[in-house]
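Q: Please take a close look at one part of this model. What surrounds it, and how is it placed there?

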Amino acid sequence: MIKITDFSEVNQVTFTKLREHLAKKILSLFEEYSVKNLENIGCFVVLDVTEYSMFDAAEMEFLEVLKLESEAYLHGVKIIDDGYAEDIYLPVEVIKC
């Protein structure tokens, strides 16, 4: 699991298109909320193949399949507190029915 709480941590994401997507999203949040870090807004969590059980769809306020060219993710937003949320990404190929 990679938990991104600071812009510099986005470089830890090995999936190219997801890394680019998250970088744009973080910069957009900085501009929208007039902040320089994610401390009071939320964080981004990127799960790997072994962590699929950590993605509980029932806990998500929002759920979608996000397609970024050749990469696909189950993306959910989990509200932790008023004004603070976790955006969670799970590579689709690990989903089991």
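**Helix α1 and its surroundings**

A: Ser-34, with a positive phi near 55°, follows helix α1. The model is predicted: local features need pLDDT of at least 70 and side-chain atom pairs count only at pLDDT 80 or more, whereas totals for chains, interfaces and linings use all residues. Residues are numbered from 1 along each chain as its sequence is written, and side-chain values use heavy atoms, with hydrogens and water left out. Helices (H or I, at least four residues) and strands (E, at least two) are DSSP runs, numbered from the N terminus.

Helix α1 comprises 18 residues, 16-33, and spans 26 Å from its first C-alpha to its last, close to the expected 26 Å. The expected span is 1.5 Å times one less than the number of residues.

Leu-18, Leu-22, Ala-23, Ile-26, Leu-29 and Phe-30 are the buried residues of α1. Because they cover an arc of only 140° around the axis, they lie on the same side of α1; the arc is taken from the directions from the helix axis to the C-beta atoms. An α-helix has 3.6 residues a turn, so residues three or four places apart point the same way. On the face turned away from the buried side, α1 carries the exposed residues Lys-24, Glu-31 and Glu-32. Buried means under 20% relative accessible area and exposed over 50%, with partly exposed in between (1.4 Å probe, protein chains only).

The buried side of α1 packs against β1 (2-4), β2 (42-46), β3 (62-68), β4 (71-81) and β5 (84-91). Contact here means heavy atoms within 4.5 Å. Among these strands, β3 and β4 pair in the antiparallel sense over seven bridges, and β4 and β5 do so over eight bridges; pairing requires that DSSP find at least two bridges between two strands. Leu-74 in β4 stands opposite Val-65 and also opposite Leu-90 in β5.

The largest nonpolar core has 17 residues, and Ile-4, Leu-18, Leu-22, Ile-26, Phe-44 and Tyr-89 have the most contacts inside it. β1, α1, β2 and β3 each supply at least two residues of this core, and α1 gives the most, with six. Such a core is a set of buried Ala, Val, Leu, Ile, Met, Phe, Trp, Tyr and Cys residues joined through side-chain atoms within 4.5 Å.
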